[in-house]
Amino acid sequence: MVGTGDPADRTGDSCSTGCAGEVLRGGSQLAALEVLGRSLLEAAVENLRMAGIGPISLLTPGSLANQDSGLRDSPGSAVESIRVEEDVVDSIGLKLKDHAKSGIDTTVVIRLGAYIEIDLTEAVQFHREQGQPATRLTDADGPLDIWIADTSHFAAGADVLSSLQSAGQNCYAAPGYINRLAHPRDLRHLAVDALTGRCRLRPRGSEVQPGIWVGEGAQVHRGARVVAPAFIGRTSIIGEDCVIADCSVVENDCEIDYGSTLSDVSLLPNSYVGIGLDLRHSVVSGGTLLSLEHDMTLEISDPGVVRFNKAPHKDVGRQSPAAVEVPGMLFTPAEEAAN
Amino acid sequence: MVVRRPVVVMELPEQIGTSQVPEILEDVRTLLEFQRPRIVFDCSLVRSIDSAGVEMLLYCLDESMKRDGDLKLAGVSPQARMILEIMRVDGVFEVFETAGEAVRSFNVPTLAAIPEDAFLYDSASEDLENVRRAS
């Protein structure tokens with residue numbers, strides 16, 4: 001749940017007052033993914049802060065609670081992290097009641113999964129005008145896992161689940177940038193859109209040349225060629241004679257060995273690409289390669305071709321949240337809300 | 001007189017990796033003893049190939065061409081084809097949908113794939129010896 005401003009200030013209709021929200025980390029491991037060196041969770045929190053929403057509460061199911069949220073490095077991080085062992089929906093209800101007691105009258109509830117850049121101010125205004133207990137946001141492809149809820153309604157003991165479900169009757173078509181991240185192809189689209197400036201997501205790192213961002217500690221051999229726009233993540237290594245082109249993204253903790261070429265590729269964190277290879281139009285995570293051109297997934301067991309770069313959880317200091325092996329879940333559509 | 005060799009179709013196993021390569025090479029080397037070998041690797045059963053397997057294919061092609069022959073691939077699955085693309089060898093081989101097409105591309109009368117037991121053995125050796133003498 002993501003909150004806004006000072007809950008004691010209840011003046012005006014702006015969503016910067018009396019409007020809180022929650023961000024749920026969904027069951028899908030997409031919530032732990034990094035894009036251009038930033039966790040999607042961090043990006044979601046940043047977008048909400050930019051919209052003037054706060055305070056922010058992060059409800060994390062127990063199975064995901066041990067993963068690094070990527071928020072500790074966020075400047076001005078003011079996110080309350082709540083580990084949820086029981087039913088997440090019950091926890092939402094409790095949190096909504098807390099908000100009501102604190103004087104927060106409106107809460108934005110987000111089930112993390114899609115990447116969104118939406119003007120929530122207008123959405124909250126619409127919700128308040130409708131006078132319904134909850135409003136669900138939608139886009140051209142259908143409902144989103146984003147609700148705006150009246151805390152007073154839930155403080156009175158209303159059932160959270162049925163209220164959120166019935167919110168489908170009261171929808172708000174949200175304009176803005178939305179990427180549902182339902183398929184790895186969407187991940188690639190998000191990376192390309194971010195590199196080409198079609199969304200607000202910006203790479204984490206220094207723009208060493210126009211359109212080329214390099215993360216802290218990354219090493220790019222002087223004999224390698226990186227064609228803008230491109231992103232090289234933190235501590236990643238690009239070997240001699242490599243070519244990184246066509247909006248390719250090399251996330252954190254990767255290594256591309258001598259002479260390999262990446263063209264229109266997203267190389268997810270902690271991945272290794274062997275010598276002299278030619279990867280095109282793909283998303284690669286460890287030993288799994290999804291060809292977007294052939295719409296085919298390959299499990300490559302040859303460690304000389306592609307593999308995970310380091311053992312999971314070896315680097316305790318700054319462990320990438322997606323450094324653990326992500327089996328097929330990475331390439332499945334986002335799970336439906338666990339209702 | 002030019003002797004046209006028969007085209008030999010060899011069916012590759014499901015897995016072509018470090019463990020399988022020595023055995024496959026053992027079978028192929030006999031074919032490579034002749035001048036102008038014409039070989040088709042039927043890959044329709046191949047489900048898994050790694051860098052050692054690709055290296056083996058390249059070796060066999062190289063040895064065939066050294067003897068003025070050729071080696072072609074047939075029935076390569078989309079997955080195996082992707083591995084060849086990733087390793088930048090997809091353009092090196094002629095690849096056909098079926099073994100029959102690959103054989104016809106040599107423009108010679110066909111032979112059925114030599115079964116494994118006949119390949120190394122006495123029932124084939126006389127024919128191979130005759131071919132050797134004719135060359």
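**Cavities, cores and sheet of the predicted model**

Four cavities of 30 Å³ or more are present in the structure. A cavity is here a set of points, on a 1 Å grid over the protein atoms alone, where a 1.4 Å probe fits but cannot get out, and its lining residues have an atom within 4 Å of a point. Grid points are joined across faces, edges and corners, and a volume is the space filled by probe spheres set on the points. The model is predicted, with local features requiring pLDDT of at least 70 and side-chain atom pairs counting only at pLDDT 80 or more, whereas totals for chains, interfaces and linings use all residues. Residues are numbered from 1 along each chain as its sequence is written, chains are lettered from A and ligands numbered from 1 in the order in which they are written, and side-chain values use heavy atoms, with hydrogens and water left out.

The largest cavity has a volume of about 100 Å³. Its lining includes A:Ala44, A:Leu48, A:Ile110, A:Glu117 and A:Arg200. Helix 1 (40-50), strand 6 (106-112) and strand 7 (115-118) of chain A each contribute at least two lining residues. Helices (H or I, at least four residues) and strands (E, at least two) are DSSP runs numbered from the N terminus; chain A has six helices and 26 strands. Of the 339 residues in chain A, 57% are buried, that is, under 20% relative accessible area (1.4 Å probe, protein chains only).

The largest nonpolar core comprises 58 residues, and those with the most contacts inside it include A:Ile244, A:Val250, B:Phe41 and B:Leu57. Such a core is a set of buried Ala, Val, Leu, Ile, Met, Phe, Trp, Tyr and Cys residues joined through side-chain atoms within 4.5 Å. Helix 2 (residues 51-66) of chain B gives the most to this core, with six residues. When residues up to four places away in sequence are not counted, B:Leu57 touches B:Leu12, B:Phe41, B:Ile49, B:Leu73, B:Leu84 and B:Phe93, a contact being heavy atoms within 4.5 Å.

In chain B, four strands form an open parallel sheet in the order 1-3-5-6. Strand 1 (8-11) and strand 6 (95-96) of chain B stand at the edges with a single partner strand each, so one side of each lacks a neighbour in the sheet. Strands are taken to pair if DSSP finds at least two bridges between them. Strand 1 and strand 3 (residues 38-42) of chain B run parallel and are joined by four bridges; B:Val9 has B:Val40 as its bridge partner in strand 3.

Notes. Buried < 20%, exposed > 50% of the residue type's maximum accessible area, 1.4 Å probe, protein only. 1 Å grid on protein atoms, 1.4 Å probe; cavity = no way out; pocket = protein on both sides within 12 Å on 5 of 7 lines; lining within 4 Å.
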